[in-house]
Amino acid sequence: HGSPTLVPSEALEQRLDLRLDPQWGQPGTTAGQQRLAVHLHVHYLDTLEPLLEALNRCREGLAGCDLWVSTDSSAKASAIRSSIEGEVQVRVCSNRGRNLGPLLTTLWPELKGYDLLLHLHGKRSVESELGESWRQELLTTLLPDSATVQQLRQSLERDASLGLVMPQ
């Protein structure tokens with residue numbers, strides 16, 4: 001009944017939690033010097049609104065970003081364009097490889113020139129009700145507010161060895 005869940009030790013969690021870094025929250029460089037792309041993979045149109053709400057909640061922290069959306073049909077692409085105010089790049093591609101396939105196969109030639117990439121997936125599970133609550137928990141954890149996003153951008157700018165940030 002499902003895959004086993006690996007739970008890291010408390011000591012490992014302490015080492016991996018970026019917010020526990022002594023430099024977290026310290027004045028530093030101004031976030032926003034790096035070019036930031038936000039990629040949304042939207043297979044289910046009903047997941048677009050929660051993704052946009054999460055981005056809107058962090059608008060100041062995401063200042064200057066370019067928005068890219070991948071989906072699997074021209075009808076969905078049209079609906080996405082009409083749902084989003086402002087500039088957005090929408091690409092139609094196959095839904096193979098779940099949420100990373102479109103990013104790595106279709107969009108990567110255009111996105112690899114950015115300094116930072118925020119990738120979000122309109123998670124939905126057709127087998128259970130977990131998809132919506134899981135998506136909401138991940139979005140709330142990764143994008144709680146603008147200040148946290150600005151701190152993440154500063155950490156990524158300050159520490160070249162930091163390459164990936166994800167919710168616990």
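A: Of the 168 residues in the protein, 33% are buried, meaning under 20% relative accessible area, with exposed over 50% and partly exposed in between (1.4 Å probe, protein chains only). This is a predicted model: local features need pLDDT of at least 70, side-chain atom pairs count only at pLDDT 80 or more, and totals for chains, interfaces and linings use all residues. Residues are numbered from 1 along each chain as its sequence is written, and side-chain values use heavy atoms, with hydrogens and water left out.

Q: How many helices and strands are there?
A: Six helices and four strands. Both are DSSP runs numbered from the N terminus: helices are H or I, at least four residues, and strands are E, at least two. From the N terminus on, the order is α-β-α-β-α-β-α-β-α-α.

Q: Which residues touch the most other members of the largest nonpolar core?
A: Leu40, Leu55, Leu67, Val69, Leu118, Leu120 and Leu143, out of 24 residues. A nonpolar core is a set of buried Ala, Val, Leu, Ile, Met, Phe, Trp, Tyr and Cys residues joined through side-chain atoms within 4.5 Å.

Q: And which element gives the most to this core?
A: Helix 2, with four residues.

Q: OK, which residues of helix 2 are buried?
A: Leu48, Pro50, Leu51, Ala54 and Leu55; the helix covers residues 48-57.

Q: What do they pack against?
A: Strand 1 (36-41), strand 2 (66-71), helix 3 (74-83), strand 4 (116-121) and helix 5 (130-142).

Q: Back to Leu143. What is it in contact with, leaving aside neighbours within four places in sequence?
A: Ala54, Leu55, Arg57, Cys58, Leu118, Leu120 and Val149. Contact means heavy atoms within 4.5 Å.

Q: What about Arg135: buried or exposed?
A: Arg135 counts as buried because its relative accessible area is 7%. Arg135 sits in helix 5. Leaving aside neighbours within four places in sequence, Arg135 contacts Thr47, Pro50, His121, Gly122, Lys123 and Arg124.

Q: Why does Cys58 count as buried?
A: Because Cys58 has 0% relative accessibility. Cys65, at 28%, counts as partly exposed.
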